[in-house]
Amino acid sequence: MRLITRISVNTVCALSLFGLAACGAGSGPEETGPFANQSGPEVANKALTATSKVKSLRIGLDMTTSDGRIKADFATSLGGDCTGTMSMGGTGTMEVIRTGDRVYTKLDEALLREQGKGEPKADIDAAVKLIAGRWMESKASDPDAEEATEFCDLKAILKEFEATDNAARKVGPSEVTGKPALRLTEKDGKETFTFDVAAEGEPYLLRVTSKGGEEPMTMNLSDFDVPVVAKKPAAKDMVDLEG
């Protein structure tokens, strides 16, 4: 589960880059939309403030790491309910459900075999036969469960949306999944970050991308305040590892 923790750390770091210091904070090109006559930092701080107040959202992440490509898609809420999927290095997928004080995880065969590399083939085959495609239950407080559900800790994620930006620069109009937005940009050494802020309705942060660094990524945020439906899997789809 090491990669899962690493994904969350990189995501939080990307979000907190809004707080980077920089020389100058030009407002960029003129525009006539809802952010006209507002500086880049003013728009960024509006987006951070609006996003930090949501009770639920959906996070989609696509990141390239030294361990391969990682993709994640989670719907998470302040109440703790959460559902999502994650694939690592193109070698399998894990599904996650958190509801109440319980976490349910389901690994496919490819991921189980990847995690079992180095183990006796008979042991791996037995694990695949028992676990692949079936839900496993654990307490949310279990260490492995905590790592698998770091995207489910919305309270911790939203803490990083602190409205202290003084570096963002306007780029111009953009579009995210068909929604009009305003693009902002910041630099950190060789790495360039872009941030797309909703230009209709609440000024939510819709997309964060990074390029030029060691781990380029794209993160999409959506489904703000949409209730998260997380239910315990049916008994027939679960495996009892204690029985």
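Student: How many aromatic pairs does a search of the whole structure find?

Tutor: Three aromatic pairs turn up. Rings of Phe, Tyr and Trp (its six-membered ring) pair if their centres lie within 6.5 Å; planes under 30 degrees apart count as stacked, over 60 as edge-to-face and the rest as tilted. Residues are numbered from 1 along each chain as its sequence is written, and side-chain values use heavy atoms, with hydrogens and water left out.

Student: Why is the pair of Tyr 204 and Phe 224 called stacked?

Tutor: The ring centres of Tyr 204 and Phe 224 are 4.1 Å apart and the planes are at 20°, so the pair is stacked. The pair also links distant parts of the chain, 20 residues apart: Tyr 204 is in the loop between β9 (191-198) and β10 (205-211), and Phe 224 is in the segment after β11 (217-222). Helices (H or I, at least four residues) and strands (E, at least two) are DSSP runs, numbered from the N terminus.

Student: What makes Tyr 204 count as buried?

Tutor: Buried means under 20% relative accessible area, exposed over 50%, partly exposed in between (1.4 Å probe, protein chains only). Tyr 204 has 15% relative accessibility, so Tyr 204 counts as buried. Phe 224, with a relative accessible area of 15%, is buried too.

Student: Is Asp 225 buried, exposed or partly exposed?

Tutor: Asp 225 has 39% relative accessibility and therefore counts as partly exposed. This residue is in the segment after β11, and has a positive phi of about 65° although it is not a glycine.

Student: Why is Lys 106 called buried?

Tutor: Its relative accessibility is 18%, so Lys 106 counts as buried. Lys 106 lies in strand β5 (residues 102-107). Leaving out residues up to four places away in sequence, Lys 106 touches Thr 93, Met 94, Glu 95, Gly 133, Arg 134 and Trp 135. A contact means heavy atoms within 4.5 Å. The C-alpha atoms of Lys 106 and Trp 135 are separated by 4.6 Å, although the two residues are 29 apart along the chain.

Student: How do you know that the side chains of Thr 194 and Thr 209 make a polar contact?

Tutor: A polar contact is a pair of N or O atoms within 3.5 Å; within protein, one must be able to donate a hydrogen and the other to accept it, and residues adjacent in sequence count only if both atoms are side-chain atoms. The contact between the side chains of Thr 194 and Thr 209 is 2.2 Å. Thr 194 lies in strand β9 and is buried, because its relative accessible area is 16%.

Student: What length is expected for helix α2, and what does it reach?

Tutor: The expected span is 1.5 Å times one less than the number of residues. Helix α2 (residues 40-52) has 13 residues and reaches 18 Å from its first C-alpha to its last, close to the 18 Å expected. Among the buried residues of α2 are Pro 41, Val 43, Ala 47 and Leu 48. Ala 167 is 126 residues from Pro 41 in sequence, with 6.1 Å between their C-alpha atoms. Ala 167 counts as buried because its relative accessibility is 6%.

Student: Which residues touch the most other members of the largest nonpolar core?

Tutor: They are Leu 57, Phe 74, Leu 184 and Leu 221, in a core of 54 residues. Its largest share, five residues, comes from α2. A nonpolar core is a set of buried Ala, Val, Leu, Ile, Met, Phe, Trp, Tyr and Cys residues joined through side-chain atoms within 4.5 Å.

Student: Where does pLDDT stay under 50?

Tutor: That happens over residues 1-29. pLDDT is the predictor's confidence in each residue, from 0 to 100. Where it is low, the predicted coordinates should not be read in detail. The protein chain averages a pLDDT of 84, and 86% of the residues score at least 70.

Notes: Predicted model: local features only at pLDDT ≥ 70, side-chain atom pairs only at ≥ 80, totals over all residues.
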